Structures are given as structure tokens and as C-alpha cells.
Amino acid sequence: MQQLAQQIVSGLALGAVYASLALAIVLIHRTTHVINFAQGEMGMFTTFVAWSLITNHGFSYWAAFATTLAIAFAGGILLERVVIRPVESASPLAVIMVTIALFVVLNGLASWIWSAETRNFPSPFPGVVTVWGVSLSRHEVGAIAVSLVVLALLWAFFRFTRLGLAMRAVAIGPEPSRLLGVRVGWMLALGWGFAAVLSAVSGMMVAPIVFLDPTMMQSVLIYAFAAAVLGGIDSPLGAVVGGFALGVGINLLSTYVDFVTPELELPVAFAVLIGVLLFRPSGLFGRAVVRRV
Amino acid sequence: MRSTPVRFGLFAVGAAVVALLPLFVSEFRAFELARVGIYVIALLGLSVLTGYAGQISLGHGAFMAVGAYTTAILTTRYGIRDLWTIPLAGLLTGLVGFLFGFPALRLVGAYLALATFALAVAVPSLAKYGRIEEYTGGGGGLLLNLPATPFGLPLSASDWLYYLCWGLAGLLFVAAWLLVRGRIGRALRAIRENELAAVSSGISLPAFKTFAFGVSAFYGGVAGSLYAITINYVNPDTFPVGLSILLLTGVVVGGLGSLAGVVFGALFIQYLPLYASDLLDWPLSRLGLKIDTSAPGAPAVVYGLILLAVLLLGSSGAAGSLARGTRALTNSLARRP
């Protein structure tokens with residue numbers, strides 16, 4: 001019982017990380033129909049920024065957290081303006097290659113600036129907490145809470161503000177939105193900004209668990225892809241549900257199913273990805289896209 | 001369009017340079033260049049799939065891994081002579097690629113990129129799986145322990161590897177050229193340009209796409225097998241996601257849809273990391289900045305930026321620039337009275 005509860009909470013904590021990154025991928029895909037392969041590296045890079053603020057510049061954890069989110073937001077907008085906008089109307093292959101180039105540049109920059117060694121990343125929630133006689137890692141509970149708060153804020157933004165409404169309108173119909181006076185280009189850039197914030201949150205929440213190094217987010221990215229596809233690549237709710245489901249599911253599989261060892265966790269995510277794409281391409285919550293050939 | 005005799009001439013000159021080069025370079029360089037030959041083979045396969053058929057693959061490192069492990073397992077466990085494992089590795093990987101082509105049929109554009117990327121991440125961790133560790137050697141990998149120069153050839157080990165890799169590269173280059181110049185190549189290009197139009201002209205998408213995946217994986221498998229033979233060792237970390245990305249970079253920088261471009265692409269991905277710090281030093285010192293450019297990560301930044309530049313400037317890689325250059329030259333010569 002103790003073990004089951006602990007595994008579910010660890011799974012939910014990882015799931016919160018996958019859900020944030022998956023939602024970032026979905027946000028960008030909904031508005032620009034681009035799958036951003038650099039999403040994980042954006043999170044890794046901003047987590048290094050937070051680490052540097054804390055260890056080299058004497059920031060407290062939460063000050064560093066807030067500063068990092070602001071930097072991520074500005075960085076996301078900048079990236080969209082500088083490298084994505086020029087290829088907006090190019091072939092999907094070209095856009096994917098651009099995000100891969102970003103992946104390479106960000107990864108290289110991180111190991112150039114901070115070196116590739118593995119580091120401890122502090123958690124604002126140290127120690128253990130006991131709930132109903134079950135001792136849980138305080139960081140895992142905290143990571144779930146932080147991610148849920150960020151997701152709720154984002155949902156409220158999209159639901160209740162004029163800007164959020166404009167961004168949703170652009171995702172559905174860029175041309176009519178433009179005619180109604182929405183500045184479509186800037187809405188797309190804002191989307192990148194929010195996606196960068198989400199990936200920064202996921203990076204800072206996963207770093208205390210997997211340790212900070214430049215390859216930290218690469219497997220997280222695969223889980224996030226699988227989560228986004230599982231939930232339906234155009235459905236924000238689906239991405240969140242998919243993230244939590246995948247986190248818990250894989251954790252339970254590797255605890256209770258004998259032949260699933262930790263090495264098999266990534267192949268399982270790969271199988272989920274391929275399986276969903278083949279048998280239910282719209283995922284759990286997505287709309288089916290009809291294409292006639 | 002260059003005429004066929006010119007192509008043959010260029011190929012003959014290229015072949016002669018490749019054949020004579022070991023006489024003039026050190027053992028170490030020959031070994032390095034053997035690796036370029038391996039990249040040429042892998043890039044040829046990727047060029048057929050991505051450049052001609054327009055199907056993106058971020059998973060070619062995984063195909064190389066399958067080929068390399070085939071060779072490693074056959075030589076260490078079953079004592080098969082390394083040379084004979086090369087075609088076996090190619091065929092087995094080709095089969096894997098052909099089978100992967102079936103699910104890939106239903107995936108277009110970004111989804112195919114996702115699936116192949118996940119393949120590149122999943123295959124190396126599969127090699128670490130405990131239950132098959134007695135075959136794959138787990139995380140520790142396998143040491144091949146191969147004999148040096150076979151058949152009593154009067155060659156040093158590095159020169160032998162050089163001729164082996166480049167000999168196969170030349171052979172496979174001609175094979176790829178024969179493949180893409182005729183009906184099949186035309187069908188693949190039609191699929192790349194417009195699937196709907198291709199289907200209405202009677203081209204079978206399933207047949208040609210799975211075929212392209214199979215051929216492409218065959219090349220990847222041969223390259224992987226040669227990789228294992230040259231470094232005498234395989235482990236899961238030999239084939240990181242970075243390798244798959246590097247290969248795709250090579251094809252894009254060499255020029256999509258150009259077979260000759262892959263030679264440039266292969267030289268680019270082998271030598272850029274070695275000279276990246278010099279490339280960075282020059283502009284940085286002009287700006288009066290003192291930054292350590294020999295740090296790890298610096299080469300990746302340079303090749304990422306070059307890739308970005310190639311994509312944003314919309315040129316079609318080295319082959320494209322070359323074609324434009326010669327066209328401009330012939331035009332200006334033709335205009336002269």
C-alpha cells in the first residue's frame with residue numbers, strides 16, 4: 001500500500017513535468033502547426049539560467065524561479081520572431097529542420113557556457129512529508145502543485161482575458177482574426193513565449209529528480225511527445241491528461257511488471273507514440289482530421 | 001543539368017582522387033577519412049529517403065545501430081568473418097526499415113519526424129535491456145576484436161579500412177545513382193512533390209514509400225556495420241540521438257535531392273567539429289572577445305548555426321550553390337558575343 005501510494009505520487013510528479021512540456025508542444029502546434037523539437041532544450045537551457053542565478057548571483061529560489069520565467073517568456077518570443085517567422089510559409093520539412101537546428105544550438109550553448117557535467121539542482125521543497133501514514137517526497141508533491149498552479153493560471157488566461165480570446169481565435173482561424181483586427185503574428189509569438197514558460201517550469205521541476213545536465217530533457221521530450229499524441233496533439237486538456245496518465249502508467253509498469261526494467265521505459269513511450277498514431281491518430285481528446293487522398 | 005559524359009568524368013576524377021589519397025596522407029588521416037566514407041554511405045541512404053522521396057527521418061542513427069549490433073553479435077558470438085557480416089547487416093537493417101515503412105505510411109510530415117525521432121531515442125536504450133544483455137553486452141557494449149588486414153594484402157590497418165569503406169561507398173553511390181535516375185527515382189520525386197498527383201498517375205504510395213525506407217535502412221545498416229568494424233567496438237552510446245541529427249544535417253547541408261552533395265555533407269559532419277573552434281576564433285577575436293572556443297558544445301553551436309543559415313537563406317545546400325554558380329558562369333559565358 002505504502003509502495004503503491006509512493007509510486008503513484010512519483011508518477012504524478014513526473015506526469016506533471018510531462019504535462020507541462022506536452023502542453024507547450026500542443027500550444028505551438030495548435031497555432032502554427034509546427035512540432036517544436038527544441039521544446040525540451042528550451043526548458044533545459046532556462047533551467048541552467050535558473051541554476052546560474054541561484055548559485056552564481058545569490059538569488060533566492062523563488063526570485064530565480066520568477067526571473068527565469070520572465071527570461072523564458074522573452075526568449076520564446078525572440079526565437080519566434082527571429083528564426084520561425086522567416087520559414088512560416090515554408091515546407092513542414094524546413095520548419096522541423098529549423099527547430100532541430102535550434103535544438104542543436106541550445107544544447108551546444110548550454111554545454112559551452114556551463115559545461116556538460118551533472119549538477120544538483122535545488123528544490124524549494126526539501127525533505128519528506130507524511131500523509132495518512134505514507135511518507136512522500138516533499139519535492140514530488142510540490143512539483144505537482146506548482147505545475148497545477150501554472151496550468152490553472154494559463155487556463156484562466158485563455159478563458160477570461162481578451163488577449164487569451166484573441167490567441168484562441170488565431171488558432172482556429174488566422175485569416176478571419178486578422179480581418180477583425182487581431183495582430184496574428186504577435187499572437188503566434190506570444191504562443192511561443194507561453195510555451196517557453198511552460199518548458200522552463202517543467203525543466204525546473206524535473207531537474208531535482210533527474211539532475212541537471214544538457215541532455216536532461218531529451219527523454220522528457222519523448223515522454224511529452226507521447227503524452228501530447230496520446231491526448232490528441234491539438235487538445236490542451238488532452239496533453240495534461242496524457243502527461244499524468246503516462247507518468248503514472250510508466251511508473252506502475254516498471255514497478256509491478258517484471259520484464260519492464262528502467263531501460264524499457266523509453267521503448268514503452270515509443271510504443272505508445274506509434275500505437276496511438278496508428279490506431280487512433282486523433283488521440284483521446286482530439287478531433288479527427290479527415291484527409292482525402 | 002550536366003550531361004552524362006560530364007558526370008562520368010567527374011565521377012572518374014573523384015574515384016581517382018579517393019584511390020590515390022592514402023599514398024599522400026598519414027595513417028591517422030586515412031582512418032579519419034574512412035569514417036567520412038562511412039558517413040557517405042549513411043547519407044546516401046538518407047538522401048534517397050529524405051532528399052528524393054521527401055520522407056523525413058530523424059532515426060537513421062537507429063538504423064546504423066541495428067547494422068552495427070548485427071555485425072558485433074555475428075562476429076563475437078558466432079565467429080563469422082567480419083567482411084561477410086556487412087551484407088547481412090545491410091539486409092537485416094533493410095528489412096527492419098522496410099517493416100518500419102508500414103506504420104510510417106500512415107504518418108505524414110511532422111508525425112513521421114516524431115516517430116523516427118522516438119525510434120532514435122528508443123533503440124539505444126533497447127540495447128541496454130537486461131534480458132538481451134548476453135547478446136548486446138548491455139551498457140558496456142561489445143568488443144569486436146577483429147583481425148587486421150585480411151587476405152595478406154600489403155596494406156596497413158588504417159589504409160585497409162579506408163579502402164574498404166570508400167570501395168563500398170563508391171559501389172553504393174553508383175547503385176543509388178542507377179536507382180534514382182530512372183523510373184523509380186521519378187516516382188519517388190513525384191511522391192515528394194505531390195502525393196495526390198503521384199497517386200493519380202498510378203504510383204503506388206505503399207510500395208514506393210516502404211521500398212524507400214528499406215533501401216535507406218539498408219544503406220544505414222551497411223554504414224553501421226562498417227562503423228563497428230572500424231572502431232572495433234559498439235555500445236549504446238555510440239549511437240545517440242545526436243548522430244541521427246548530425247546525419248540529417250549532412251544531407252541538408254550537402255543539398256536535398258543531390259547524390260553528389262552527400263560527399264560534401266559527409267566531409268562537413270566529420271571535419272566541422274574539428275575546425276569549429278578556429279571558425280569561431282576568427283570573428284570573436286575581431287570583436288575583441290576572449291571566449292574559450294575549444295570547450296565542448298562550441299562545435300555544436302557552429303554546425304547548428306550553419307544549418308540554420310542554410311535553412312533560413314533558402315539555399316539548397318552545397319550542391320545548390322554549386323549548381324547556381326556553374327549556371328551563372330555558363331550564362332555569362334553564353335551572353336558574351
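This is a predicted model: local features need pLDDT of at least 70, side-chain atom pairs count only at pLDDT 80 or more; totals for chains, interfaces and linings use all residues.
How are H2(A) and H9(A) oriented to each other?

Helix H2 of chain A, residues 39-57, packs against H9(A) at an angle of about 140°, and their axes are 8 Å apart. Angles over 145 degrees would count as roughly antiparallel and 65 to 115 as roughly perpendicular; H2(A) and H9(A) are therefore oblique to each other. The crossing in which H2(A) passes H9(A) is right-handed. The table gives the residues that make this contact.

| Helix | Residues in the contact |
|---|---|
| H2(A) | Gln39(A), Gly40(A), Glu41(A), Gly43(A), Met44(A) |
| H9(A) | Met216(A), Met217(A), Gln218(A), Val220(A), Leu221(A) |

By type, the residues of the contact of H2(A) with H9(A) are 5 nonpolar, 4 polar and 1 charged.

The contact between the chains takes 38 residues from chain A and 41 residues from chain B. On the side of chain A that touches chain B, helix H4 (92-114), helix H9 (216-231) and helix H11 (265-279) of chain A each supply at least two residues. H4(A) gives the largest share of that side, 16 residues. The residues of this side of chain A comprise 31 nonpolar, 6 polar and 1 charged.

The largest nonpolar core has 206 residues, and Leu273(A) and Ile41(B) have the most contacts inside it. Helix H1 of chain A, residues 2-32, contributes the largest share of this core, 16 residues. Leaving aside residues up to four places away in sequence, Ile41(B) touches Leu168(B), Ala169(B), Leu172(B), Tyr219(B), Val222(B), Ala223(B) and Leu226(B).

Note on methods:
Residues are numbered from 1 along each chain as its sequence is written. Chains are lettered from A and ligands numbered from 1 in the order in which they are written. A nonpolar core is a set of buried Ala, Val, Leu, Ile, Met, Phe, Trp, Tyr and Cys residues joined through C-beta atoms within 7 Å. A residue is buried if 20 or more other C-beta atoms lie within 10 Å of its own, exposed if 12 or fewer, and partly exposed in between; C-beta atoms are placed from the backbone. Helices (H or I, at least four residues) and strands (E, at least two) are DSSP runs, numbered from the N terminus. Two residues are in contact if their C-beta atoms, placed from the backbone, lie within 7 Å. Ala, Val, Leu, Ile, Met, Phe, Trp, Tyr, Cys and Pro count as nonpolar, Asp, Glu, Lys and Arg as charged, and the others, Gly among them, as polar. Axes are lines fitted to C-alpha atoms, for helices over the stretch in contact, and angles run from 0 to 180 degrees between N-to-C directions. Angles under 35 degrees count as roughly parallel, over 145 as roughly antiparallel, 65 to 115 as roughly perpendicular and the rest as oblique. A crossing is left-handed if the near helix is turned anticlockwise from the far one by less than a right angle, and right-handed if clockwise.
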